[in-house]
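Dear colleague,

Please find below the structure that I am handing over to you.

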Amino acid sequence: MKTEMLSTRIDKDTKLAFTHICDEVGLSPSQALKLFAKAVINYGGIPFELRSRTPNAKTSEAIQELENGKGNKADDVKALFKELGVNEA
C-alpha cells in the first residue's frame, strides 16, 4: 500500500510528553498517530468528547453572580485593590 506523509507542528513539551507515553506503551509516535487516525475513521469523528474546561465551584458561583447582575464594579485597579484589601506592590 502506498503511504502519504502527514506532518504537524506541536510545542516541545507536548512532543516530549507524547513520545514518553508512546515509549511506555511500546509504540512509536508515528504508530500512535496511525492508531488515532484509524480510531477517527472507525468512530466517524473524534473518538472522545471535546469540551472546554469546567470551572470550579467558586468560579461557577462568581459567573452566576455576574449573570444575576450582582457583581461588583471598580473604577480602576487601585479601587479594586482597596475593595479587596490588597496592598499595591
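A residue is called buried when its relative accessible area is under 20%, exposed when it is over 50%, and partly exposed in between, using a 1.4 Å probe and protein chains only. This is a predicted model, in which local features need pLDDT of at least 70, side-chain atom pairs count only at pLDDT 80 or more, and totals for chains, interfaces and linings use all residues. Residues are numbered from 1 along each chain as its sequence is written, and side-chain values use heavy atoms, with hydrogens and water left out.

I begin with helix α4. Helices here are DSSP runs of H or I with at least four residues, numbered from the N terminus. Leu84 belongs to helix α4, which covers residues 77-84. Because its relative accessibility is 55%, Leu84 counts as exposed. At the start of α4, a side-chain oxygen of Asp76 comes within 3.1 Å of the backbone nitrogen of Lys78. Just after α4, Gly85 has a positive phi of about 75°.

Where does Leu84 stand relative to other residues? From Leu50, Leu84 is 34 residues away in sequence and 36 Å away in space, C-alpha to C-alpha. For Glu61 and Leu84 the corresponding values are 23 residues and 18 Å.

Glu61 is part of helix α3 and, at 57% relative accessibility, is exposed. The N-terminal end of α3 (residues 57-67) is capped by Asn56, with a side-chain oxygen 3.3 Å from the backbone nitrogen of Lys58. Just after α3, Gly69 takes a positive phi of about 75°.

The loop between α2 and α3 contains Leu50, which is exposed at a relative accessible area of 63%. Arg51 is also placed in the loop between α2 and α3, and is exposed at 61%. The side chains of Arg51 and Thr54 are joined by a polar contact of 3.3 Å. Such a contact is a pair of N or O atoms within 3.5 Å; within protein, one must be able to donate a hydrogen and the other to accept it, and residues adjacent in sequence count only if both atoms are side-chain atoms.

Which kind of aromatic pair do Phe36 and Phe48 form: stacked, edge-to-face or tilted? The structure holds one aromatic pair. The ring centres of Phe36 and Phe48 are 6.2 Å apart and the planes lie at 35°, so the pair is tilted. Rings of Phe, Tyr and Trp (its six-membered ring) pair if their centres lie within 6.5 Å; planes under 30 degrees apart are stacked, over 60 edge-to-face, and the rest tilted. Phe36 lies in helix α2 (residues 29-43) and Phe48 in the loop between α2 and α3, so the pair ties together parts twelve residues apart in sequence. Phe36 is partly exposed at 37% relative accessibility, and Phe48 is partly exposed at 47%.

Finally, the axes of helix α1 (residues 12-24) and α2 come within 9 Å and cross at roughly 90°. Axes are lines fitted to C-alpha atoms, for helices over the stretch in contact, with angles from 0 to 180 degrees between N-to-C directions.

With kind regards

Key
Helices (H or I, at least four residues) and strands (E, at least two) are DSSP runs, numbered from the N terminus.
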